[in-house]
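Subject: Structure handover

Hello,

Here is the structure I promised you. Please open it beside this email and follow along.

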Amino acid sequence: METRSSTCVWSSSYEDFVSGLSILLRGTVQEKLNWAFNLYDINKDGYVTKEEMLDIMKAIYDMMGKCTYPALKDEAPRQHVELFFQKMDKNKDGVVTIDEFIDCCQKDENIMRSMQLFENVI
């Protein structure tokens, strides 16, 4: 019974991985931005909170921070979150909605360039 449960979890994770990869490689800009927002919206309530964003940033910095020189400081994830919210939280209510996220991303040349990064890969 436990094996079946693990298989379902793995299968679901694998399907999520393949789906995400497909969106990143072949999706429209809108689909990519929706996918990115949903990555940050951990509890899937339609809002990204500072706590959710900090959890994601800590995970990314834990994974990548050890590979950088000079080493990243411990407060780097929190600083990143603060900058994100200054830029994205247009109405200053402490959460970022999908509309705020997409609007801000579409106005940022660097983000839009990165959305097209994989378009000619496959």
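First, a term you will need. A crossing of two helices is right-handed if the near helix is turned clockwise from the far one by less than a right angle, and left-handed if it is turned anticlockwise. Keep in mind that this is a predicted model.

Start with the annotation. The unreviewed UniProt entry gives "domain: EF-hand" for residues 28-63 and 76-111. Residues 28-63 are 72% helix and 8% strand. Their end C-alpha atoms lie 28 Å apart. Residues 76-111 are 69% helix and 8% strand. Here the end C-alpha atoms are 20 Å apart.

Now the helix pairs. Two packed helices are described by the angle between their axes and the distance between the axes.

Take H3 and H4. Helix H3 spans residues 50-64, and helix H4 spans residues 76-88. They pack at an angle of about 135 degrees, and their axes are 9 Å apart. That angle makes H3 oblique to H4. H3 passes H4 in a right-handed crossing. On the H3 side, the contact is made by Lys50, Met53, Leu54, Met57, Lys58 and Tyr61. On the H4 side, the residues include Ala76, Pro77, Val81, Glu82, Phe84 and Phe85. Sorted by class, this contact has 9 nonpolar, 1 polar and 4 charged residues.

Which residue forms a salt bridge with Glu82? Lys50 does, and the closest N and O atoms are 3.2 Å apart. Glu82 lies in helix H4 and Lys50 in helix H3, so the pair ties together parts that are 32 residues apart in sequence. Side chains of opposite charge can pair when their charged atoms come close. The count for the model comes to 3 salt bridges.

Next, H2 and H5. Helix H2 covers residues 29-40, and helix H5 covers residues 98-106. Their axes come within 10 Å and cross at roughly 130 degrees. H2 and H5 are therefore oblique to each other. Their crossing is right-handed. From H2, Gln30, Leu33, Asn34, Ala36, Phe37 and Tyr40 take part. They meet Ile98, Phe101, Ile102, Cys105 and Gln106 in H5. By class, this contact has 8 nonpolar, 3 polar and no charged residues.

Best wishes

Note on methods
Residues are numbered from 1 along each chain as its sequence is written. This is a predicted model: local features need pLDDT of at least 70, side-chain atom pairs count only at pLDDT 80 or more; totals for chains, interfaces and linings use all residues. Side-chain values use heavy atoms; hydrogens and water are left out. UniProt positions are given in the numbering used here, feature names are shortened, and annotations may be inferred rather than shown by experiment. Helices (H or I, at least four residues) and strands (E, at least two) are DSSP runs, numbered from the N terminus. Axes are lines fitted to C-alpha atoms, for helices over the stretch in contact, and angles run from 0 to 180 degrees between N-to-C directions. Angles under 35 degrees count as roughly parallel, over 145 as roughly antiparallel, 65 to 115 as roughly perpendicular and the rest as oblique. Contact means heavy atoms within 4.5 Å. Ala, Val, Leu, Ile, Met, Phe, Trp, Tyr, Cys and Pro count as nonpolar, Asp, Glu, Lys and Arg as charged, and the others, Gly among them, as polar. A salt bridge is a side-chain nitrogen of Lys or Arg within 4 Å of a carboxyl oxygen of Asp or Glu.
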